[in-house]
Amino acid sequence: MFELVQALNDGAEELKRRSPNPISLNAGCELFIAFVTLFPHESDNFAELKKELEQQGRKYAAEAISFRDKIAELTLGFIKDDSVILTHSYSRVVLKALLHAHKTKRISVYVTESRPRGLGLKTYEALTAAGIPCTVVLDSAVAYVMDRVDFVLVGSEAVVESGGLINYVGSNQMAIVAKAANKPFYALAESYKFHRLFPLSQYDLPTHNPNILSLTTPIARSAGQDAASSDAAQEATATSQTSRGISSSVTERAMTQEQIAKNPGVDYTRPDLISLVFSDVGILTPEGVSQYLVGMFAG
Amino acid sequence: MAPGPMLDVHPPAGPPNGEPSTGQQKSQKAMTKAERRELQEKQRAAKAAKAAANGAPGKPSGKPKDQGAPQGGAAKPKPSRASDAQARPTLPAATRATEKAKAGQASMAVDTAAKGTQARGLLIFSHFGLPKPVSAAKGDIHPAIARLALQFSTFKITGANARCIATLTAFKTIIQDYVTPPNHTLSRHLMTYLSPQISHLVAARPMSVTMGNAIRQLKLDISGTDFDLPEQDAKDALCRKIDTYIRERIIIADQVIQETASNKIKDGDVILTYARSSVVEKVLLEAHASGRNFSVIVVDSRPMLEGKRLVAVLSEAGIQCTYLLLPALGAVMSEVSTVFVGAHSIHTNGAVYSRAGTALVAMMAKRHSVPVVVCCETYKFSESIQLDSFTKNELGQSLSAYSLLPSD
């Protein structure tokens with residue numbers, strides 16, 4: 001049994017190494033390994049047990065696909081006609097929930113651009129294709145738009161043991177602004193995203209590396225060099241903009257890849273900023289999440 | 001009230017010990033409450049004036065006796081001397097009392113302003129009971145228990161873990177020395193034999209939650225002893241169970257805590273801890289041993305000044321330490337990355353019960369958005385709920401046990 005767990009752990013490590021954003025992967029792997037160890041087995045020999053585990057694993061994977069539908073159904077109860085919803089970046093579970101709601105309710109959606117990857121535009125395309133009125137807002141305009149919004153709906157990379165949320169960078173900001181404006185902040189998360197992490201701060205996340213937000217003393221460069229690099233950046237943005245189908249006659253400045261690398265990809269939202277977590281095991285308060293996690297991993 | 005040397009400066013109204021003063025015709029017992037209060041105020045004012053003239057008197061020694069001695073009438077509010085009442089809250093009185101108890105010696109001016117509350121100042125801790133001198137061992141108190149009780153009452157052994165381990169170790173000795181009397185079974189009689197020993201310990205110092213939980217487990221084990229086992233086997237089995245309890249619930253639990261908590265310490269961190277928790281000490285040593293580069297701020301408070309020992313241990317291991325007293329906490333909190341504290345116990349509502357002053361550290365940390373991590377083994381979990389530090393607490397060491405000169 002121990003060797004099996006060891007092998008599973010090694011496999012999980014390998015997967016994590018390959019993935020750029022390992023948090024949700026982490027959560028899923030730990031869940032499965034815990035499941036394997038806590039699974040009550042009455043089988044007589046290892047071959048049977050192995051078959052049983054495989055079966056359960058596949059069953060779980062198949063079920064997992066249905067989790068998003070369950071969550072969409074739960075979210076529907078909180079969406080009223082003419083709701084204005086703010087969401088962040090791109091999340092498949094949020095998308096499913098919005099499309100499901102659109103079948104029976106009138107909704108309109110604001111979505112943030114979510115730099116640097118610009119995934120908010122992916123959401124925009126999917127929603128407009130379905131006929132939902134949608135507008136992309138700048139990441140910096142979240143506070144500006146908050147008073148227009150009825151509630152905020154975000155997806156998740158992971159929901160942690162404290163009941164907090166790990167999601168694309170900008171979610172924490174959105175949660176703080178929502179709290180200040182007294183708007184509900186809902187997180188949608190499948191149960192395999194519940195993670196045993198307990199971050200004490202933004203910088204306590206496993207994705208944090210010393211390069212993020214590092215300050216280095218700049219070497220004085222000549223003016224010519226500076227202009228050349230910014231031109232290159234502008235060209236990059238121009239081409240990417242046209243490829244996105246957005247025409248812009250104004251020359252915009254954009255960050256270089258190097259500068260982007262100094263920025264985080266995910267951030268941590270504290271549990272006291274989150275109103276409810278919608279998951280396939282039900283609608284939980286952030287405190288309920290930690291209770292569920294303890295129950296799950298304590299066997 | 002047992003008078004200290006400064007009592008020589010008596011107000012003309014007479015010594016506040018129940019004897020009729022020169023100015024009064026009736027004894028204090030016969031006076032109405034209002035009249036008594038008036039007399040008190042007069043006496044206090046006069047004393048304050050006298051004392052101000054003579055310079056502020058120091059804290060009276062023999063304080064504990066002051067708290068308890070009646071004033072010639074149980075119902076009478078204790079007329080407190082100015083210095084008494086002012087010193088009262090500053091006493092190393094409550095080991096786990098509210099932060100009000102931590103106020104330094106107030107100046108005379110503050111004192112006169114707070115005159116009305118001074119009588120309360122004495123009464124405020126009266127529900128904790130009088131500190132009792134350790135009575136001579138009554139009945140069959142095993143010498144190990146007698147020694148332990150003395151160590152508890154003089155605060156030689158402090159800390160939830162230490163007290164629990166010491167108690168269990170003493171119990172092992174007792175169990176081995178125990179002989180089942182004829183017509184009795186070990187599983188029934190041993191507990192009745194242990195009960196007076198436990199009471200003696202409790203009389204020396206109120207039982208800690210850890211001791212309570214351990215003794216409860218021991219009782220369960222004793223009553224579950226197999227009836228047919230020969231006596232020595234049963235005793236050995238019990239001693240083994242006690243060893244297992246200590247090893248699993250304390251030693252190994254501490255190791256698990258060490259591993260998980262030391263992961264929360266990163267290079268360059270400034271860790272703050274309060275007083276001296278055995279678990280936190282282990283966590284810090286473990287983190288240092290695993291190569292992390294961090295510094296520690298140890299916050300300490302009188303009268304126990306346990307932090308000094310912690311600084312000695314950590315510095316010996318090569319950890320950079322800063323030492324300061326509780327009032328200076330605000331000055332350093334903005335530089336702290338994480339606060340690590342130990343606990344005496346954790347209640348079912350999540351409240352942490354710990355050395356007096358921990359609440360202050362936690363509140364200050366919250367104000368500066370510094371995470372507070374509590375290191376606590378599960379055997380310390382208590383089923384009670386406390387809503388404040390005040391209703392259920394214990395008094396700490398009395399000042400008379402200390403010299404008034406600053407010393408270790």
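This is a predicted model: local features need pLDDT of at least 70, side-chain atom pairs count only at pLDDT 80 or more; totals for chains, interfaces and linings use all residues.

**Entry 1: two helices in chain A**

I put the crossing of H3(A) and H4(A) down as right-handed. On the H3(A) side I listed A:Arg68, A:Asp69, A:Ile71, A:Ala72, A:Glu73, A:Thr75 and A:Leu76 as making the contact. From H4(A) the contact takes A:Arg92, A:Val93, A:Lys96, A:Ala97, A:His100, A:Ala101 and A:Thr104. Sorted by class, the contact of H3(A) with H4(A) has six nonpolar, three polar and five charged residues.

**Entry 2: on to the next helix**

I stayed with H4(A) and asked about its partner H5 (residues 120–130) of chain A. The axes of H4(A) and H5(A) come within 11 Å and cross at roughly 15 degrees. Since the cut-off for roughly parallel is under 35 degrees, H4(A) and H5(A) are therefore roughly parallel to each other. The crossing of H4(A) and H5(A) is right-handed. Here A:Leu95, A:Leu98, A:Leu99 and A:His102 of H4(A) meet A:Thr123, A:Ala126, A:Leu127 and A:Ala130 of H5(A).

Which residues of helix H7 (residues 171–180) of chain A are buried? I found A:Ser171, A:Asn172, A:Met174, A:Ala175, A:Val177 and A:Ala178. After H7(A) comes A:Asn182, with a positive phi near 60 degrees.

**Entry 3: a helix pair in chain B**

The crossing of H9(B) and H10(B) is right-handed. The contact is made by B:Asn213, B:Ala214, B:Gln217, B:Leu218, B:Asp221 and B:Ile222 of H9(B), together with B:Leu238, B:Lys241, B:Ile242 and B:Tyr245 of H10(B). I counted the classes for H9(B) with H10(B) as six nonpolar, two polar and two charged.

Most residues other than glycine have a negative phi, and most peptide bonds are trans. With that in mind I went looking for exceptions.

- The peptide bond from A:Arg115 to A:Pro116 is cis, with omega near 0 degrees. I placed A:Pro116 in the loop between strand E2 (107–112) and H5 of chain A.
- In chain B, the peptide bond from B:Arg302 to B:Pro303 is cis, with omega near 0 degrees. B:Pro303 sits in the loop between strand E2 (295–300) and helix H12 (307–317) of chain B.
- A:Asp82 has a positive phi near 65 degrees and is not a glycine. I found A:Asp82 in the loop between H3 and strand E1 (83–87) of chain A. At 49% relative accessibility, A:Asp82 counts as partly exposed.
- B:Ser369, also not a glycine, has a positive phi of about 55 degrees. B:Ser369 lies in the loop between helix H14 (358–367) and strand E7 (372–375) of chain B. B:Ser369 is exposed, at a relative accessible area of 67%.

**Entry 4: where the chains meet**

The area buried between chain A and chain B is about 350 Å², and carbon and sulfur atoms give 57% of it. On the chain A side, A:Phe198, A:Leu200 and A:Asp204 lose the most area to chain B, together 94% of what that side buries.

**Entry 5: whole-chain tallies**

Chain A comes to ten helices and ten strands, and 40% of its 299 residues are buried. Chain B has 14 helices and seven strands, and 48% of its 408 residues count as buried.

How values were computed. Residues are numbered from 1 along each chain as its sequence is written. Chains are lettered from A and ligands numbered from 1 in the order in which they are written. Side-chain values use heavy atoms; hydrogens and water are left out. Buried means under 20% relative accessible area, exposed over 50%, partly exposed in between (1.4 Å probe, protein chains only). Helices (H or I, at least four residues) and strands (E, at least two) are DSSP runs, numbered from the N terminus. A crossing is left-handed if the near helix is turned anticlockwise from the far one by less than a right angle, and right-handed if clockwise. Contact means heavy atoms within 4.5 Å. Ala, Val, Leu, Ile, Met, Phe, Trp, Tyr, Cys and Pro count as nonpolar, Asp, Glu, Lys and Arg as charged, and the others, Gly among them, as polar. Axes are lines fitted to C-alpha atoms, for helices over the stretch in contact, and angles run from 0 to 180 degrees between N-to-C directions. Angles under 35 degrees count as roughly parallel, over 145 as roughly antiparallel, 65 to 115 as roughly perpendicular and the rest as oblique. Buried area is the accessible area (1.4 Å probe) that two parts lose on being put together, summed over both.
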